[in-house]
Amino acid sequence: MRCEYFDAGLCRSCARMGVPYQRQLREKAARARELLGGHPGIRWLEPAASPEEGFRNKAKMVVSGTASDPVLGILDRSGRGIDLSSCGLYPEPILGALPVLREFIVERRLTPYDVPARRGELKHLLVTVSPGGELMVRFVLRSKKLLVSIRDGLPGLRRALPGLRVASVNILREHAALIEGDEEIVLTEARSLPMRLNGLELSLRPGGFFQTNTEIAARMYRQGAEWIRAEAPAELWDLYCGVGGFALHAARELGADAGAASGPLGPDAGSAARELGSGAGAAAPVPGRDAGAAPRVLGIEVSPEAVASAAQTAERAGMDGVEFRVGDARVLAPEAGAGPEALVVNPPRRGIGPELARWIEASGARTLVYSSCNARSLAEDLRHLPSFAAREGLVLDMFPQTDHFETMLLLRREARSAGPAAVGDAA
Ligand SMILES: C[S@@+](CC[C@H](N)C(=O)[O-])C[C@H]1O[C@@H](n2cnc3c(N)ncnc32)[C@H](O)[C@@H]1O
């Protein structure tokens, strides 16, 4: 991929821009192996490649310039705006929406926030696209001063952007290096964006986390569900579950929707869902478990919006025994005693940390699926899980053109350790 912004030195976010894609993929796979070199028993699957361009489902644009000539992109060191509205990482629906949104800013006279001067109102535009091409647009403002103007202009914006499903205003009062604040005012009837993956309709509300690369996310959830299905646990917990991607895919595979009149796959069930072994609306029997015995699946996540989305998906899909709780996984999981037979963890870059790792080590879990966007913190966490052996691994290219990637591991408990591992123990 070539990028004019990169070549002109205007944006250096994509550190690997210009490096042939197959080489990027090979080097990421090699890096994962190197960082997890202390686990020689891993059978590595073929790395999951992404489209090189147009893969990002979310644009986070800083708005600068003036109300009559706004700039959507990033700021340089002096706080001056650099236009990135043609960034090749965005798919067509986002690229098509950005000029329309720019025009909306001009028409509604939405004064951009001037970072060096600490003046103005409109800080960021956050645009997310669903797999079906629908859009969620969020205006991040310093105060509610422009709220009425945006609300009044919404019918016109909808005509110009027929794919606009959710529009909201987010209030970020502080002068801080943050993307968004806590207060969200949804302006549309629809409050969530349907993110249909593998025939399962996840739902994303403003402020909820969603994996950056929809195609790779779909592959990731298929892999997680395949690994969990083969283990056939009676109970599964998905820690750091977000909108429930792992939990809901696994629940479907384990037959949580088997009793539902109309299963989550619905009439347009895709081939990806069938690949997993599910028929439309009913999961295939799970090896090693009694037919009809629905598993218990619990997701834990700190964002209430994400939990509400996950619960909505489970309910709509008619899934039994699937529950989501709001809270800190590091607190809620240990409070719940011995824990389940199987766990999925998919934490932020910092990893799960020694305390949660030690609780898992001492828990009753025999299977652990760990999905991480930071193989370094993953390797560090494994030092506190000496009873678990990594059996299979998969590198997924969630972030082409950068040095970042996702690593998934299937770990099984091999032997009971004498006790929780001390920091610095070899894995
Ligand atoms: C990498 S994302 C993964 C989300 C989800 N598994 C997915 O595939 O979309 C990490 C998630 O952890 C949540 N999170 C961060 N710290 C947490 C904590 N201490 N306890 C529970 N969830 C947390 C974030 O809100 C975010 O949704």
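**A guided tour of the predicted chain**

Among contacts between residues at least 6 apart in sequence, 72% join residues at least 24 apart; two residues are in contact if their C-beta atoms, placed from the backbone, lie within 7 Å. The model is predicted: local features need pLDDT of at least 70, side-chain atom pairs count only at pLDDT 80 or more, and totals for chains, interfaces and linings use all residues. Residues are numbered from 1 along each chain as its sequence is written.

Begin with the whole chain, coloured by secondary structure. There are 11 helices and 19 strands, taken as DSSP runs numbered from the N terminus (helices: H or I, at least four residues; strands: E, at least two). Of the 427 residues, 48% count as buried, a term that requires 20 or more other C-beta atoms within 10 Å of the residue's own.

**Annotated positions**

Next, select Q211, Y240, E301 and N346, which an unreviewed UniProt entry lists under "binding site". Such annotations may be inferred rather than shown by experiment.

Centre the view on Q211, in the loop between strand 10 (200-204) and helix 5 (214-231). Q211 is buried because 24 other C-beta atoms lie within 10 Å. Leaving aside neighbours within four places in sequence, Q211 is in contact with I216, A217, M220 and M398.

Is Y240 buried or exposed? Y240 is buried, with 23 other C-beta atoms within 10 Å. Beyond neighbours within four places in sequence, the contacts of Y240 include E301 and N346, both of which are also in the UniProt list.

**Two helix pairs**

Select helix 5 and helix 6. Their axes, lines fitted to C-alpha atoms over the stretch in contact, are 8 Å apart at an angle of about 45°. On the helix 5 side the contact includes A217, Y221 and I228, and on the helix 6 side it includes F246, H249 and L254.

Finally, display helix 2 (residues 21-35) with helix 11 (residues 375-382), which pack at an angle of about 25° with axes 9 Å apart. This pair is therefore roughly parallel, as angles under 35 degrees are so classed. R31, A32 and L35 of helix 2 meet A375, R376 and A379 of helix 11.

Technical notes. Buried ≥ 20, exposed ≤ 12 C-beta atoms within 10 Å, placed from the backbone. Axes fitted to C-alpha atoms, helices over the stretch in contact; angles between N-to-C directions. Parallel < 35°, antiparallel > 145°, perpendicular 65-115°, else oblique.
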